Amino acid sequence: MRTILIIANLTLREAIRRKIVLAALILGTAFLLLYGLGFHFIRQEMLRADYGRLPSTTMQNQTFNFMLLAGMYVVNFLCIAIAALITADSLAGEIQSGIIQATVTKPIRRSEVVLGKWLGNATLLLFYLSLMGGGVMLVVWLISRLYAPNWAGGLALIYFNSLLIMTLTLACSSSLSTLATGGVVFGAFGLAFLGGWVERIGTFLENRTAIDLGIFSSLLMPSEALWNKAAALMTSPLASLMGITPFTSASEPSALMIVYAVIYLLVTLGIAIRVFTKRDL
Amino acid sequence: MDQKLAIETVDLRKVFGEKVAVSGLTLQVERGEVFGFLGPNGAGKTTSIKMMLGLVAPTSGNGWLLGRPITDRNARAKVGFLPEHFRFHEWLTAYEFLRLHGQLYGLENGHLKQRAEELLELVGLTPFRDSQLRTFSKGMLQRIGLAQALLNNPELVFLDEPTSGLDPVGRRLVRDIIRQLRSEGTTVFLNSHLLSEVEITCDRVAFIKHGEVVRVSQVSGLIDGSTTVTVRARGFTPEILSNLQQWGRDVRADGENIVLSVNDEAVLPEISRCLVQHGVDVYAIVPQRLSLEDLFIQVVGTDGGL
């Protein structure tokens with residue numbers, strides 16, 4: 001356990017020292033500013049009396065909920081991107097440069113190196129998600145005094161989603177080069193993304209084959225399904241009746257999907273440890 | 001397995017796909033000796049070291065470090081390692097770097113702090129204690145890497161090309177540190193291309209070719225025992241040549257020269273007296289010490305083992 005914490009601490013310090021955290025914060029702040037401004041102007045537009053009458057409070061709230069989901073959608077995407085970016089180089093880079101040689105020849109287990117990196121990156125992601133997710137909710141609250149329904153559950157799922165991508169990246173990084181790792185992970189993410197849309201359109205057109213294809217893709221990579229579940233949680237009950245939107249799913253994934261994703265993560269982490277333990281360095 | 005040995009390997013073999021990197025390494029290094037590991041490029045030296053340190057899994061064969069199997073991570077608790085082309089987390093400062101590696105050895109904080117300062121002093125980097133490694137020259141990195149390998153007061157140290165990238169001052173520093181380690185009873189396993197370094201620092205050397213040990217020699221024995229003497233002289237007879245055999249081996253005539261191998265240069269005056277007494281005109285007596293380089297070429301061949 002001690003070694004895991006040492007490596008986790010090293011991973012965190014590296015992200016801070018190499019200004020990765022700073023870059024993520026600057027971009028994140030830029031996004032929040034843009035988001036806040038956009039939200040502000042949309043609200044002003046809605047409140048102008050040009051329409052002859054003000055939209056009803058219900059209508060306003062649905063719009064704000066939609067805006068909140070749009071923000072969370074970006075947060076989800078940023079977390080996934082950051083997860084892949086900070087992890088892709090972690091094992092692959094150290095293996096390629098040879099840094100790893102002085103580390104793993106100490107009297108430690110290689111699994112501790114993998115778990116330490118996992119824990120360090122998981123901590124970073126938690127910090128990043130708290131800021132970004134918290135930022136979006138704060139903007140929405142400041143402008144509209146509205147909360148997202150089930151926000152804690154929604155954010156937890158977005159966090160879990162980023163952990164899933166981070167774990168997959170770590171597993172690839174234990175055997176592939178940094179570049180190949182990036183390729184595989186973004187490929188898998190793209191597949192899930194596309195699969196999600198196929199499923200949505202399939203649901204809309206009531207095409208069973210398209211729906212099955214979508215489900216199949218989310219078994220290969222459950223990230224889109226996790227987002228859909230998070231979005232379903234944070235969508236207001238009325239809006240979810242309205243049906244298809246770019247950010248929410250027509251069919252909410254079942255709880256079984258979450259169980260599947262948890263198993264997926266654990267198995268992937270197991271593979272990462274096994275591959276790294278067995279390989280020649 | 002012998003507890004008195006620092007390193008023991010029996011038929012360690014590594015095959016990468018079709019390529020045999022190490023065909024069968026059998027080696028015994030005693031505790032307290034400075035052992036040189038020599039061989040041409042591609043002979044499997046680095047792969048051998050990596051197998052001993054658990055970086056590369058052997059295809060077959062066994063090995064022990066300080067009496068523990070190489071597959072046991074605790075075998076490395078009292079082992080230090082300076083990898084070839086040493087790389088590191090360059091955003092760490094020299095002190096943070098030593099602290100990190102000391103923690104990985106499981107050293108307790110108070111002791112680690114003191115040990116890190118001591119080692120910075122030993123390798124002459126105390127003034128750069130708080131500089132990031134990215135600002136270090138190649139030689140400074142080699143020094144901090146060496147300090148890293150000594151953090152745990154190891155009983156066995158692997159140095160893979162420790163002097164590559166060092167200037168003469170740095171090379172002398174490494175030499176002095178190896179001497180100090182030997183005087184403290186630490187076993188040093190040295191892989192170096194610089195034969196002159198090995199000649200000065202090592203007690204014994206192993207020559208490896210195609211991933212096999214082809215010869216193990218005492219360094220002092222090899223040098224004292226193999227002085228070739230060339231005598232330029234006129235008027236010698238086969239009887240005189242056979243007479244010379246009391247002082248040396250492989251006596252032969254080579255045109256105007258007599259060539260023989262002696263064990264000790266102290267016999268040269270006697271050879272000279274004998275020749276003069278027998279009426280031979282002596283123009284020159286030239287002892288040529290067989291250097292490690294000559295032996296290397298002799299053992300490994302000029303093809304470089306390819």
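Chain B falls into domain 1 (5-222) and domain 2 (227-289). The centres of these two domains of chain B, taken over C-alpha atoms, are 44 Å apart. Keep in mind as you read that this is a predicted model.

Let's begin with the sheet in chain B. It is an open sheet of 6 strands with mixed pairing, in the order S6-S7-S8-S3-S9-S10. Strand S6 (79-82) and strand S10 (212-218) of chain B each have a single partner strand, so they form the edges and one side of each lacks a neighbour in the sheet. On average, neighbouring strands of this sheet are turned by 15° against each other, direction ignored. S6(B) pairs with strand S7 (residues 156-160) of chain B in the parallel sense, over 4 bridges. In this part of the sheet, B:Leu82 stands opposite B:Leu159 in S7(B).

Two helices that pack on this sheet deserve a look. Helix H1 (residues 45-52) of chain B touches strand S3 (34-38), S7, strand S8 (187-191) and strand S9 (204-209) of chain B, and its direction makes about 150° with that of S7(B). H4(B) touches S6 and S7 of chain B, with its direction at about 165° to that of S6(B).

Next come the helix pairs. Two packed helices are described by the angle between their axes and the distance between the axes.

| Helix pair | Axis distance | Angle |
|---|---|---|
| H4 (138-149) and H5 (168-183) of chain B | within 11 Å | roughly 10° |
| H1 (2-17) and H6 (110-144) of chain A | 7 Å | about 45° |

Angles under 35 degrees count as roughly parallel, and H4(B) and H5(B) are therefore roughly parallel to each other. From H4(B), B:Gly139, B:Gln142, B:Arg143 and B:Leu146 meet B:Gly170, B:Val174 and B:Ile177 of H5(B). That contact has 3 nonpolar, 3 polar and 1 charged residues.

In chain A, the angle makes H1(A) oblique to H6(A), and the crossing is right-handed. Residues of H1(A) in this contact include A:Ile4, A:Ile7, A:Thr11 and A:Ala15, while those of H6(A) include A:Glu112, A:Leu115, A:Lys117 and A:Leu124. By class, the contact has 10 nonpolar, 6 polar and 2 charged residues.

Finally, the two chains meet. Their contact takes 23 residues from chain B and 20 residues from chain A. On the side of chain B, helix H2 (residues 94-104) gives the most, with 4 residues. This side of chain B has 12 nonpolar, 8 polar and 3 charged residues.

Methods: Residues numbered from 1 in each chain as written. Chains lettered and ligands numbered in written order. Predicted model: local features only at pLDDT ≥ 70, side-chain atom pairs only at ≥ 80, totals over all residues. Domains from an automatic or database assignment. Axes fitted to C-alpha atoms, helices over the stretch in contact; angles between N-to-C directions. Parallel < 35°, antiparallel > 145°, perpendicular 65-115°, else oblique. Contact = placed C-beta atoms within 7 Å. Nonpolar A, V, L, I, M, F, W, Y, C, P; charged D, E, K, R; others polar. Left-handed = near helix turned anticlockwise from the far one by under 90°. Pairing = 2+ DSSP bridges.
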